[in-house]
Amino acid sequence: MLFETVNPGEVIVNTTRVIKLNPVDPWDLSRAEREGRKQAYELIQFFRKYCAGFSNAILESTGVQIGVRESRRIIGDYILTQEDLLQSRYFEDTVALGGYPIDIHNPAGAKTETTHLKPGQYYYIPLLSLIVKGFENLLVCGRCMSATHEAGAAIRVTPIAMGVGQAAGTAAGLAAVEGTSVRNVEISKIHCALEKMGATIR
Ligand SMILES: Cc1cc2nc3c(=O)[nH]c(=O)nc-3n(C[C@H](O)[C@H](O)[C@H](O)COP(=O)(O)OP(=O)(O)OC[C@H]3O[C@@H](n4cnc5c(N)ncnc54)[C@H](O)[C@@H]3O)c2cc1C
């Protein structure tokens, strides 16, 4: 898959795939990194040889580190599920919305399975899925938030991670100002602060 960048004649190639390695094992992570770079090198050869317009292409850069779609996630006060997303289950403590499909890149190497939402459909992400279970004042956001494998395959994407991160930061900031735990901040205050900043949460 090619993404054009703002620089004329430059594309990002979203094509390498490294599977069946454990991202929480440092040796596997190094193996993955080497494999990813090997694939990038093979791809540039392929592009130069077979793709029109790429005969003089150069490999300008690669990710500084191997990217990992999924590894450990926290268990929060609520674990977001596939059903929550597909049924657009509403939560009173919604702090972010998402609309990305459930996009499972099978870790065993089989094909990608994508479950799309209906046109115009979106889902709700509750604050409780950011609050770490058993801790008074600890939030985790982005790809590591509390979700099942399936729900995580949707909410991990960058725009949603940004929305959830903004919500976590806002909740933490309000808790700090009030000198209390995030669990004690009134949800209406978090909603009000997020909406003032232009966040869409309804
Ligand atoms: C191959 C691949 C393709 C993808 N394609 C897309 C796509 O096309 N569109 C899309 O929207 N999403 C895509 N994603 C998903 C998306 O990129 C990630 O899920 C998302 O970036 C996760 O955001 P995050 O903030 O949770 O984590 P990250 O973006 O990984 O941010 C975590 C940050 O914490 C830093 N960090 C780690 N440890 C420490 C520490 N001890 N101290 C300080 N900083 C630390 C890291 O350096 C990093 O900058 C893709 C992911 C992969 C792996």
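Reader: Hi! Which residues meet where α4 and α5 touch?

Author: Q166, A167, T170, A171, L174 and E178 in α4 meet K189, I190, A193 and L194 in α5. Contact means heavy atoms within 4.5 Å, and helices are DSSP runs (H or I, at least four residues) numbered from the N terminus, as are strands (E, at least two).

Reader: And how do those residues divide into nonpolar, polar and charged?

Author: The contact has 6 nonpolar, 2 polar and 2 charged residues.

Reader: Before we go on, what kind of model is this?

Author: A predicted model, where local features need pLDDT of at least 70, side-chain atom pairs count only at pLDDT 80 or more, and totals for chains, interfaces and linings use all residues. Residues are numbered from 1 along each chain as its sequence is written, and side-chain values use heavy atoms, with hydrogens and water left out.

Reader: Thanks! What surrounds the ligand?

Author: Its surroundings, meaning residues with a heavy atom within 4 Å, include N14, G67, R143, R156 and T158.

Reader: How far is R143 from a ligand oxygen?

Author: A polar side-chain atom of R143 lies 2.4 Å from an oxygen atom of the ligand. For T158, a backbone N or O atom is 2.8 Å from an oxygen atom of the ligand.

Reader: Zooming out, how many helices and strands are there?

Author: The chain has 5 helices and 6 strands. From the N terminus on, they run β-β-α-α-β-β-β-β-α-α-α.

Methods
Ala, Val, Leu, Ile, Met, Phe, Trp, Tyr, Cys and Pro count as nonpolar, Asp, Glu, Lys and Arg as charged, and the others, Gly among them, as polar. A polar contact is a pair of N or O atoms within 3.5 Å; within protein, one must be able to donate a hydrogen and the other to accept it, and residues adjacent in sequence count only if both atoms are side-chain atoms.
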